[in-house]
Amino acid sequence: MTDTTQTSRRVVVTGLGATTPVGGTAPQTWEAITAGRSGIDTLTQDWVAEHELPVTFAGAIHTDPLETLAKVEVRRNDPSGQYALIAAREAWADAGAPELEPERLGVAIGSGIGGVHTLLSQWDVLKEKGPRRVFPLTVPMLMPNGPAAAVSLDLSARAGAHCPVSACASGAEGMGLALNMIRTGRADMMVAGGTEAAIHPVCIAAFAAMTALSGRNDDPQAASRPYDVGRDGFVMGEGAGVMVLEAEEHARARGARIYAYLDGVGMSSDAYHITAGEPDAPAPRGPWRRPSRRGSGHRRHRPHQRARHLDPGRRRRRDQGDPPGLRRAYLRHRGDRDQVDDRPPARRGRSAGGGPDGDVAAPPTGAGDDQPRRAGPGDRPRRGHRRAAGAAGGSGRGPQQRLRLRRCQRCADLHLGVLSALAA
């Protein structure tokens with residue numbers, strides 16, 4: 001039986017690798033992001049017009065895998081596996097390609113869909129040419145754990161080759177699994193991250209049918225706006241991001257460059273709806289809300305560190321706003337600067353610190369239009385508020401709109417701070 005006792009080992013990031021719609025490497029990707037360049041564009045494949053797809057744009061990969069991989073590697077791996085190999089090799093080289101026992105090196109690379117290109121293309125081969133023409137490597141290529149297995153074989157990683165499959169949180173959960181494997185002593189180094197290659201007519205048609213994709217075909221580069229009031233869905237993309245995680249003492253012993261520390265991760269499920277967050281979600285409970293019983297090395301985590309499934313920018317549910325728990329987490333992180341009461345209705349009106357989760361105080365009753373009202377999840381501003389604001393010479397925005405704009409600004413500030421920390 002595997003020992004799952006948490007230790008006090010700290011985990012650091014010593015290698016980075018990526019292949020994305022804006023660059024074939026991690027430095028190219030970072031340079032494009034900081035320069036504000038978008039990798040989203042109109043698709044040029046013939047099948048877009050052939051199938052009359054309602055969404056005609058996506059974030060396709062920037063660099064052809066054949067520029068990095070051998071032809072035989074491209075043939076024997078699904079695009080998701082190709083991207084994982086490219087990113088993992090870059091991250092491993094960036095970490096210094098250290099020599100260590102294979103049993104102390106593991107892989108945890110998640111994928112939400114896996115080898116969908118292989119699965120659907122071989123289905124066409126079966127229909128058109130018969131079973132004898134199906135590619136012999138179809139099974140390892142279509143399985144979601146195929147990319148993790150390919151990286152494990154490439155690096156001779158024998159501590160484990162794992163693949164969390166949990167939609168858009170797969171890569172984040174891969175990092176969490178790698179963190180725990182190092183802390184429990186199962187490995188000294190882990191190659192962790194995520195990969196996806198789902199720009200296929202079936203995937204685009206399916207996501208469009210559930211109204212999850214943005215429909216801004218006339219302005220694709222402005223379509224991805226998850227924190228904007230006018231968001232209408234996410235944008236399909238492909239690529240891989242991988243990092244090398246390592247026990248701090250192991251990294252310092254070999255003189256490795258340390259990018260950052262990975263101090264904790266928390267994972268949960270709302271158990272409410274396949275895409276929408278619970279409107280009146282209770283205060284977060286779980287290992288991020290109470291001290292762990294697994295040892296001093298397992299730090300207390302905050303609710304905004306949770307891995308969330310699927311993108312919040314869905315057209316069908318966009319008027320419900322962001323999950324209440326996420327809003328409360330941002331408020332606690334940034335302080336009661338805007339005096340916004342985002343708690344569930346049952347908790348409003350309590351004084352600050354009156355509850356176990358330490359929510360902020362409710363705004364004064366009878367507040368004017370220039371102060372935020374107590375907007376519940378999904379509430380829409382009343383028309384009278386807009387007219388009153390316009391008549392008073394204001395901006396014409398209702399209280400709920402101003403609340404959302406402040407929230408967008410807080411999110412942008414937080415993400416800018418994270419990016420700045422990574423750049424440093």
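Which residues of helix 7 are buried? In this model they are Gly 146, Pro 147, Ala 148, Ala 150, Val 151, Ser 152 and Leu 155, where buried stands for under 20% relative accessible area, exposed for over 50%, and partly exposed for what lies in between (1.4 Å probe, protein chains only).

## The model and its overall make-up

The structure is a predicted model, in which local features need pLDDT of at least 70 and side-chain atom pairs count only at pLDDT 80 or more, while totals for chains, interfaces and linings use all residues. Residues are numbered from 1 along each chain as its sequence is written, and side-chain values use heavy atoms, with hydrogens and water left out.

The protein contains 13 helices and 10 strands, where helices (H or I, at least four residues) and strands (E, at least two) are DSSP runs, numbered from the N terminus. Of its 424 residues, 45% count as buried. Its accessible surface, computed by the Shrake-Rupley method with a 1.4 Å probe and, for residues, with only the protein chains shown counting as cover, comes to about 21,200 Å², and 52% of this belongs to carbon and sulfur atoms. Contact here means heavy atoms within 4.5 Å, and among the contacts with a separation of 6 or more, 73% are accounted for by residues 24 or more positions apart.

## Helix 7 and its surroundings

Because seven of the 10 residues of helix 7 are buried, this helix is largely enclosed by the rest of the structure. Its buried residues pack against helix 4, strand 4 (105-110), helix 6 (138-142), strand 5 and strand 6 (189-197).

Just after helix 7 comes Ser 156, which takes a positive phi of about 55 degrees although Ser 156 is not a glycine. This serine is placed in the loop between helix 7 and strand 5 (161-162), and at 38% relative accessibility it counts as partly exposed.

## How helix 4 meets helix 7

Two packed helices are described by the angle between their axes and the distance between the axes. The axes of helix 4 (residues 79-94) and helix 7 (residues 146-155) come within 8 Å and cross at roughly 40 degrees, the axes being lines fitted to C-alpha atoms, for helices over the stretch in contact, with angles that run from 0 to 180 degrees between N-to-C directions. That angle makes helix 4 oblique to helix 7, since angles under 35 degrees count as roughly parallel, over 145 as roughly antiparallel, 65 to 115 as roughly perpendicular and the rest as oblique.

On the side of helix 4 the contact is made by Ser 80, Gly 81, Ala 84, Leu 85, Ala 88, Arg 89 and Trp 92, and on the side of helix 7 by Pro 147, Ala 150, Val 151, Asp 154 and Leu 155.

## Helix 9 and its partners

In helix 9 (residues 201-209) the buried residues are Pro 201, Cys 203, Ile 204, Phe 207 and Ala 208. Seen down the helix axis, they fall within an arc of 165 degrees, so they line one face of helix 9; the arc is that of the directions from the helix axis to the C-beta atoms. These buried residues pack against helix 2 (46-50) and helix 5 (116-129), and just after helix 9, Thr 211 takes a positive phi of about 55 degrees.

Val 48 lies in helix 2 and is buried, with a relative accessible area of 8%; leaving aside its neighbours within four places in sequence, Val 48 is in contact with Leu 43, Leu 53 and Thr 56. Val 48 and His 200 are 152 residues apart in sequence, and their C-alpha atoms are 9.3 Å apart in space. Thr 118 has its place in helix 5 and counts as buried at 6% relative accessibility, and, with neighbours within four places in sequence again left aside, Thr 118 is in contact with Asp 78, Thr 138, Met 141 and Leu 142.

## Two exposed loop residues

Glu 99, in the loop between helix 4 and strand 4, counts as exposed at 77% relative accessibility. The C-alpha atoms of Glu 99 and Arg 254 are separated by 9.9 Å, although these residues are 155 residues apart along the chain.

Ala 271 is found in the loop between strand 9 (266-267) and strand 10 (306-307) and is exposed, with a relative accessible area of 75%. Its phi is near 50 degrees, a positive value in a residue other than glycine.
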